[in-house]
Amino acid sequence: MNIAKTIRERRTIRKFHETPIEQERILSLLNNAASLYESEETPHWRCVHYSTFESRQRLADSMFARIKESKLGKLIPAPITNLFKKQVSNTPVNLVFIAEAAENQRLSDNNYAAVCSIMQNLQLLGWESGLGMLWFTDPMIQGESFFNEIGLREGERFAGILHMGYFDQPLRDRRKRTPAEKKWLAMDGGVQRHSDGHQVSSQSVLDILNEAVWAPNDGMREPWRFIYVAGDDAASKLGASYEDASLSFLLVVAKEEADPHKREEDYAAVCCLIQNFRLLTESVPWHVRRMIPEWIYDRERCKPFGIRPQERIVAVLELGGDARQSNAATTSPVLNITHL
């Protein structure tokens, strides 16, 4: 897969053929998507596959139950509601993604980041093989009927539905993304770092980020910014102790909207951007280690990096070293899917 090309060209698809997709193909894509996500901690997630017309009808009914009961829903003519329900029912594949419950916020975020990253991987792999997708999370569907249908348990986080199918609609030009340079802060004192003869400069990171920013998000919001930390005291700034002074770090920051749904959507988009970045760095000679350290949940510890009140650090990326000699043990999430 040409990662950079696929990331840039992938688009949200809203109209699908009714051509069925073989279950074996879905499982293969899901397994590949999960294998592309690496983590030092095993994330816990699950997926519900609505594979029959009857199950898709049931899902559609649960999605529109809350809308039907709302004041707005009572004003919507029945033919329009039925049309939307028919679209969901006729979509060949509906995959619901859920991050499982965890004992604390950090582990919960780890599970959610994994789910969002796997969904992004799946969209990229699907696009390469001619399958379009729509990542759907509208808050209007998120009611008791829908959560009961997907079996959402206490403490779990609904990440979204991927509607999936073949398509032939013409592709429209995409709007531009803001260059990473305009959302960038460097705390490196102008020092260039080297690793085993390979330079990991801020410009190297920016070049990759400018491809990674083509992450999915509703309305093309760009809720991220980047803080590059390098120099001889980079590790000490992050409260870490490293023997390798050539390492630099990238703090990926998300804007926190007041609206809970937008906040969760934006967090998901930043997770997808980070996954794009990791995929794009597969060909570089230095490694990327994604971390969610405990200190990012401490506002006082975040202040030296200029984190604003309505922001949070999503992850810290350790950059440098030799990818071939990296000793960090990583695992890929185990596929947990229910077929309905």
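These are my notebook entries on a predicted model of one protein chain.

**Entry 1: the whole chain**

I started with the overall counts. The protein chain holds eleven helices and twelve strands. Its C-alpha trace spans about 65 × 40 × 35 Å along the principal axes. I then checked the radius of gyration. For 340 residues a compact globule would come near 20 Å, and the protein chain has 21 Å, which agrees. Of the 340 residues, 52% are buried. I also looked up the contacts between residues at least 6 apart in sequence; 84% of them join residues at least 24 apart.

**Entry 2: the sheet with β1**

I traced an open sheet of five strands and noted its order as β3-β4-β2-β1-β12, with mixed pairing. β3 and β12 are at the edges with a single partner strand each, so one side of each has no neighbour in the sheet. Ignoring direction, neighbouring strands of this sheet are turned by 20° against each other on average.

β2 and β4 are antiparallel and pair over seven bridges. For F97, I found G160 in β4 as the bridge partner. Next I looked at α6, which lies across β1, β2, β3 and β4 and runs at about 5° to β4.

**Entry 3: helix α2**

I compared the length of α2 (residues 23-35) with what its 13 residues should give. At 1.5 Å a residue the span should be 18 Å, and the end C-alpha atoms are 18 Å apart, which agrees.

Which residues of α2 are buried? I listed I26, L29, L30, A33 and A34. They cover an arc of only 130° around the axis, which puts them on the same side of α2.

I then asked what covers the buried residues of α2. The cover includes strands β1 (45-50), β2 (93-99), β3 (131-136), β4 (157-166) and β12 (337-339), along with helix α6 (105-128).

**Entry 4: the sheet with β8**

I traced another open sheet of five strands, in the order β5-β8-β9-β11-β10 and with mixed pairing. Its edge strands are β5 and β10 (287-291), each of which pairs on one side only. The twist averages 20° from one strand to the next.

I noted two helices against these strands. Helix α8 (residues 202-212) packs on the sheet and touches β5, β8, β9 and β11, and its direction makes about 160° with that of β5. Helix α10 (residues 260-280) lies across β8, β9, β10 and β11, running at about 5° to β11.

Why is β8 (residues 224-229) largely enclosed by the rest of the structure? I found six of its six residues buried, so the strand counts as enclosed. Both faces of β8 are covered: W224, F226 and Y228 are buried on one side, and R225, I227 and V229 on the other.

I checked the pairing on each strand in turn. β5 (residues 184-187) pairs with β8 in the parallel sense over four bridges, and L185 stands opposite I227. β9 (residues 248-255) runs antiparallel to β8 and is joined to it by six bridges. W224 has A254 in β9 as its bridge partner.

From β9 I moved on to β11 (residues 311-320). β9 and β11 pair in the antiparallel sense over eight bridges. Here the bridge partner of K255 is E311 in β11.

Conventions:
Residues are numbered from 1 along each chain as its sequence is written. This is a predicted model: local features need pLDDT of at least 70, side-chain atom pairs count only at pLDDT 80 or more; totals for chains, interfaces and linings use all residues. Side-chain values use heavy atoms; hydrogens and water are left out. The expected span of a helix is 1.5 Å times one less than its number of residues. Buried means under 20% relative accessible area, exposed over 50%, partly exposed in between (1.4 Å probe, protein chains only). The arc is that of the directions from the helix axis to the C-beta atoms. Contact means heavy atoms within 4.5 Å. Two strands pair if DSSP finds at least two bridges between them. Axes are lines fitted to C-alpha atoms, for helices over the stretch in contact, and angles run from 0 to 180 degrees between N-to-C directions. The radius of gyration is taken over C-alpha atoms; the globule rule is 2.2 Å times the number of residues to the power 0.38.
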